[in-house]
Amino acid sequence: MNRAIAVGIVAVTIVGVAAVFALSGPAIEQPLAFNHSLHVEEFGAYCTDCHLYAETGIRATIPPLAVCADCHDEALGESEAEAWLVERIAADEPIGWQKLYSVEDHIFFSHRRHTTVGEIECAECHGDMASLTEPPPRPLVPISMDTCMDCHYERDVANGCISCHW
Ligand code: HEC
Ligand code: HEC
Ligand code: HEC
Ligand code: HEC
Ligand code: HEC
């Protein structure tokens with residue numbers, strides 16, 4: 001193989017790997033092994049039963065303890081994870097979830113505008129969260145200025161700098 005091409009391929013690979021890390025950041029470990037699939041696919045919970053404002057507010061929000069307490073103020077099963085949760089609820093001690101997705105405060109992003117007005121499915125931006133049996137260490141679908149602008153371009157939505165930056 002031509003040496004310049006080989007060097008080029010290596011350079012592109014390094015840039016690609018660096019870009020994946022820059023987009024997704026270091027792996028996140030959650031304090032509790034929450035199972036989306038069990039709650040959503042098996043017991044039929046809606047996304048908005050827990051992410052209370054994903055269709056009506058700016059931020060979807062990660063569920064506060066009170067949401068879990070609706071069902072888990074006493075143990076329903078035998079798992080250690082649930083026993084830990086029940087203790088937390090009794091002590092009124094928040095779980096301390098780490099956020100996977102966030103944009104800087106000077107970016108304007110509204111969940112309601114995209115889910116309710118734009119009729120975009122959660123999975124289009126977040127991937128198939130419903131099928132996960134444990135918390136993902138990184139976003140399934142990374143979000144960046146490019147992913148915002150690509151979709152706006154495809155769907156003919158305002159893409160001027162001040163639509164999103166203020
Ligand atoms: C029973 C409550 C519950 C339901 C129902 C639920 N979630 Fe979650 N969700 C959580 C908890 C707890 C976390 C944090 C732990 C984790 O990442 O698994 C979370 C994390 C997330 C995150 C990552 C948020 C971040 O930035 O850290 C996304 C995205 C998400 N859920 C989307 C969904 C979608 C889409 C649905 C519906 C298909 C859904 N969730 C249903 C409780 C729930
Ligand atoms: C609408 C009711 C409901 C809500 C709200 C709910 N759960 Fe559950 N959860 C269940 C049921 C039902 C089970 C199955 C219990 C069993 O038989 O083990 C379960 C099981 C669990 C388990 C044990 C099974 C496992 O995966 O190890 C954990 C941990 C858990 N839930 C965490 C949470 C957390 C954290 C929240 C709040 C973000 C939450 N749940 C909100 C109904 C609920
Ligand atoms: C158009 C893309 C898009 C769609 C559709 C979308 N989200 Fe999000 N989501 C984001 C972005 C961007 C963030 C980070 C927002 C921030 O930091 O303010 C985020 C953050 C979150 C978070 C972290 C907590 C929070 O409030 O920031 C959760 C949980 C979440 N989304 C759940 C959902 C659920 C559930 C749905 C479907 C009902 C959904 N999202 C639909 C892009 C999207
Ligand atoms: C999957 C497609 C998609 C993605 C990804 C997406 N958007 Fe959008 N966005 C839309 C659509 C569609 C609308 C128009 C909704 C409506 O009003 O009908 C919209 C509207 C907006 C608006 C209002 C625009 C105006 O001037 O009226 C803002 C601001 C916005 N998006 C910011 C963002 C940001 C910031 C991100 C990335 C974090 C993002 N969007 C990612 C599809 C997307
Ligand atoms: C559709 C929404 C959207 C549009 C339109 C947009 N941006 Fe961004 N921009 C973002 C998001 C999201 C980020 C990432 C912020 C983060 O990582 O939290 C970003 C990041 C940036 C950054 C990196 C520094 C920072 O603020 O984090 C610069 C510089 C920037 N944008 C400039 C521009 C310019 C100039 C334009 C117009 C040509 C523009 N943007 C249009 C959404 C947008």
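Helices (H or I, at least four residues) and strands (E, at least two) are DSSP runs, numbered from the N terminus. A residue counts as near a molecule when its C-beta atom, placed from the backbone, lies within 6 Å of it.

Please keep in mind that this is a predicted model, in which local features need pLDDT of at least 70 and side-chain atom pairs count only at pLDDT 80 or more, while totals for chains, interfaces and linings use all residues. Residues are numbered from 1 along each chain as its sequence is written, and chains are lettered from A and ligands numbered from 1 in the order in which they are written.

Let us start with ligand 4. Of the 21 residues around ligand 4, the nearest are Phe 109, Gly 118, Cys 148, Cys 151 and Ala 158. Two or more residues of this shell come from each of α6 (111-117), α7 (122-126), α8 (145-154) and α9 (161-164). The top contributor is α8, with four residues.

Around ligand 1 there are 21 residues, with Cys 47, Cys 50, Leu 100, Cys 122 and Pro 135 coming nearest. Here α2 (36-42), α3 (47-50) and α7 each give two or more residues.

Ligand 2 has 20 residues around it, and Asn 35, Cys 68, Cys 71, Gly 77 and Ala 81 come nearest. The elements giving two or more residues are α2, α4 (65-72) and α5 (80-91), and α4 supplies the largest share, five residues.

For the table, Ala, Val, Leu, Ile, Met, Phe, Trp, Tyr, Cys and Pro are nonpolar, Asp, Glu, Lys and Arg charged, and the others, Gly among them, polar.

| Shell | Nonpolar | Polar | Charged |
|---|---|---|---|
| ligand 4 | 13 nonpolar residues | five polar residues | three charged residues |
| ligand 1 | 14 nonpolar residues | five polar residues | two charged residues |
| ligand 2 | 13 nonpolar residues | five polar residues | two charged residues |
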